[in-house]
Amino acid sequence: LGRRFDVMLNNPVFSAARVFQFSSWVQEDEDEDDDFGEDQLRTLYRQFRTPLEANGFELESALREWDELKRACRNQLSTMRRPPSFKDFWVGTLRREGQEYRHVFQLLRLVLTIPIHTAECERSFSLMNRVKTDWRCSLDPSTLTDLMTVSLSEQTIHTFDPEPAINLWMAAGK
């Protein structure tokens with residue numbers, strides 16, 4: 001298992017992304033390193049420079065915002081009986097977002113898009129192999145996509161409402 005995730009664990013971008021894992025933050029009452037997280041933000045900036053700059057990202061502003069955000073998050077976390085999950089904390093924080101942490105949140109949004117495992121890709125390939133069998137090897141790519149979409153749908157025969165599809169089909173036939 002260690003070998004399987006070695007690439008991910010040793011990747012500087014993945015390591016830098018852990019800066020948002022608040023459980024790894026230095027506590028305020030300890031000898032806090034004022035620069036905590038700045039190197040990680042710089043690494044993330046180097047990785048995502050093009051899309052960040054296209055959206056008006058400024059590294060120096062992000063570093064200033066980072067110090068303020070750490071303080072605000074620590075204050076918020078100190079009032080909670082138990083720490084929330086990573087997802088719940090940051091999704092909630094992003095929902096209340098204003099302009100004060102705009103640059104840091106641009107980085108956070110990019111970090112949240114990094115897939116942490118390949119399970120979804122593996123499921124998709126398995127589905128494709130079930131749909132595109134030897135008997136269906138000449139399926140058009142768009143037909144394969146449509147069949148996979150139907151298979152991935154969470155609708156069951158009991159919950160599917162055919163009315164919109166029927167109306168669309170009837171309107172197209174004229």
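At what angle do the axes of helix H6 and helix H7 cross? The axes of H6 (residues 86-95) and H7 (residues 102-112) cross at roughly 140° and come within 12 Å. Axes are lines fitted to C-alpha atoms, for helices over the stretch in contact, and angles run from 0 to 180 degrees between N-to-C directions. Helices are DSSP runs (H or I, at least four residues), numbered from the N terminus.

This is a predicted model, in which local features need pLDDT of at least 70 and side-chain atom pairs count only at pLDDT 80 or more, while totals for chains, interfaces and linings use all residues. Residues are numbered from 1 along each chain as its sequence is written, and side-chain values use heavy atoms, with hydrogens and water left out.

Phe86, Trp90, Thr93 and Leu94 in H6 meet Phe105, Leu108, Arg109 and Leu112 in H7; contact means heavy atoms within 4.5 Å. The residues of this contact divide into 6 nonpolar, 1 polar and 1 charged.

Phenylalanine 22 lies in the loop between helix H2 (12-17) and helix H3 (38-47). Its contacts beyond four places in sequence include Phe86, Phe89 and Trp90. The C-alpha atoms of phenylalanine 22 and phenylalanine 89 are 9.3 Å apart, although 67 residues separate them along the chain.

The table gives accessibility; buried means under 20% relative accessible area, exposed over 50%, and partly exposed in between (1.4 Å probe, protein chains only).

| Residue | Relative accessible area | Class |
|---|---|---|
| Phenylalanine 22 | 8% | buried |
| Cysteine 73 | 2% | buried |
| Cysteine 137 | 53% | exposed |

Conventions
Helices (H or I, at least four residues) and strands (E, at least two) are DSSP runs, numbered from the N terminus. Ala, Val, Leu, Ile, Met, Phe, Trp, Tyr, Cys and Pro count as nonpolar, Asp, Glu, Lys and Arg as charged, and the others, Gly among them, as polar.
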